[in-house]
Amino acid sequence: MADLAIAPPRQEAAPEGAAQLRHARMLSVGARCALPVALLLGIGFLAPLVAIFGYAFATPRSFDVFTSFTLANFATLFDTTNTVWLSFFWSCGLALLTVAILAVVAYPIAYGLNLVFGRWSALISVFFVFPLFVSENVRLYGWVLFFIKNGVLDGTLKWLGLAGGPEVLYSPGITLFGMVYTYLPFMLFPMTLGLALVPRDLVDAARDLGAGRLFIWREIELPLAMPGILIGMLLTFVLAIGATAEAKILGGQSIIVISHDIEIAFTYSQNWPLGSALAVLVTFFIGALTLFALSKLDLDRMLGRR
Amino acid sequence: MLQTTPAASQSAEPPKPILQLVGIRKSFGAFTAVDTIDLDVREGEFLTIVGPSGSGKTTLLRMLAGMDTPSEGNITLHGQLINDVPPNKRPTCLVFQSLALFPHKSVGENIAFPLKVKGVDAAARKARALELMRVVRLPENYFDKNVMKCSGGERQRVALARALAYDPEVLFFDEPLSAIDYKLKKTLEKELKDLHRETGKTFIYITHSLEEAMVMSDRIGVMRAGRIVQIGTPEEIYGAPVDRFVCEFVGEVNTLKVKRGPDGAWQGVDVPGRFTLAPPRDGKTLDEAFVVVRPEFMRILGPDESADNRLEGVVYNEYSLGSRIQYQVRVGAKVMLVELSRGRALPASADRKVTLGWDAADAFTLES
């Protein structure tokens, strides 16, 4: 925000000095426009981050932020007797599986939205967006009611005289299901956009040059849709690695994910410095991973713009 | 097949047809885009289908390439019915209007694409691609160049080389030169004609520009409202148009409406005077007709010059067409066009009142 505009010398401002100097000190138009959002981000995003970073180096189980400095919190986390690595493993594993499953599930839907559903596409898109209007927790409790013993599924099957539904609730599997369900729109829409960027001419041309469906998909459609697909993957991965509600509500705490660990540190155990240290580690991990992924993906080159 | 002039049928036995269209129709709902077309495409010819936008020429081409199926009629290639053969199973290739180059592939990869489809190994692919790059006059060091960084003309060449790599028997072109500037277009037109001669393949070209068609084609088919109204050599289309549409499509023309007077002589309807006209080509006896005179056959008569037909008028505008000058001459309520070579231009001081004249043999008498 420090880019002070150098005012162009103006003919009509004859007396040099005060007026011209004041003009030069004024922020450029761009800087002035960016001011509100800069303030908002500074207070709402940067300040908490700095506070967390400060707490991460504070004396454990204290509130001596910025007045003490210790690496004890990190030492605790890297202590192998601590089970935080298991939470980390669950979070990463579930996030990776979510991304993988979503990629396979969302691709046909995205393809359909672009090329098959025709005028129904808009309506179908709305169906995928609609659940986002309802709180995630409410939706997850809805699934609990669906799968719970004597719930919608089990109860209906028993009423029909069948053996009853499977006991799937409160397991890692149902946690994964919940994550796939929650993050589907975040994979679907970037992917749909990516597929929409593939000119149909190119597919026609490839076919005309003798290529079969699979060859066209591998050589033309997939590479050209890749930017959208990768952005969807990155988005869902980052969201999924920070997910807690699925593991708590559907998974019934059968597994503890990393963000749940952070929450426990801040609430139940009242150890803000430990929670902060963990948050800092996770933030750095995700940040590094994202930057690495983005550096490897040259979107312009993929689209042939460079 | 539409054989319009005796001249064409007198020529030596035409080469056997490679592609035959019999009664081809294509409707989209109530709209008929292509309406009963019969066409024989001769092996090795350069055939151009020309027509205004919406005349159905692109639909026709898409059916030939296999991207659309005809609603009625048969398309045969070497006598084999190919109506339902998909584009990837036809020995034909289309150069798209958009060129449809693969933006994520290099020039070389684009050209080698059909070879990769066929499973040719990488070394052989590269060798063949380089060979084709020489054919279309692309420098060898373009092999690894990003295709989107190439200029418009270079992209044309890449698209052409890629089509040739497929080694099709028939090449289709859907106005690939429409977005190219005039000078480059002229160069590419001539190169395309050279390429046609060198490869000996059958070319079917689609354009709305008759000028483009005239330069390149062995035969031209003129399309209107889903039908081929005339097909013939460029000379036949220019020299013996079958109707007013073809006539006007070929270039700016003067059209005069005439009718038979009580004595049987032709009289002008919108300009006064009696006219001596050539009989209509199809030998019909008409009571009303249109006379069409090309501006280059219209003359400005000197005091001692004569012509079969004369019109008095006033020059009110002139345009330079480069080597020629076009005069707009008001004759009554009509505006007639006259084109003179620069050497014969009217002197600036000349009387703006002129006498126009043309000979019956230089005009067409058409039914409508």
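The notes below start with the basis of the model and then take each chain in turn.

This is a predicted model, in which local features need pLDDT of at least 70, side-chain atom pairs count only at pLDDT 80 or more, and totals for chains, interfaces and linings use all residues. Residues are numbered from 1 along each chain as its sequence is written, while chains are lettered from A and ligands numbered from 1 in the order in which they are written.

**Chain A: helices and domain**
- Chain A has 14 helices and zero strands; helices (H or I, at least four residues) and strands (E, at least two) are DSSP runs, numbered from the N terminus.
- An unreviewed UniProt entry places "domain: ABC transmembrane type-1" at residues 88-293 of chain A, and such annotations may be inferred rather than shown by experiment.
- Residues 88-293 of chain A are 77% helix and 0% strand, with end C-alpha atoms 20 Å apart.

- Of the 306 residues in chain A, 30% are buried (20 or more other C-beta atoms within 10 Å of the residue's own, with C-beta atoms placed from the backbone).
- Among contacts in chain A (C-beta atoms, placed from the backbone, within 7 Å) with a separation of 6 or more, 68% join residues 24 or more positions apart.

**Chain B: a sheet**
- Six strands of chain B form an open sheet with mixed pairing, in the order β6-β7-β8-β3-β9-β10; two strands pair if DSSP finds at least two bridges between them.
- β6 (92-95) and β10 (227-232) of chain B each have a single partner strand, so one side of each is left without a neighbour in the sheet.
- Strands β3 (residues 46-50) and β8 (residues 202-207) of chain B pair in the parallel sense over five bridges.
- B:V50 has B:T207 in β8(B) as its bridge partner.

How values were computed: Buried ≥ 20, exposed ≤ 12 C-beta atoms within 10 Å, placed from the backbone. Contact = placed C-beta atoms within 7 Å.
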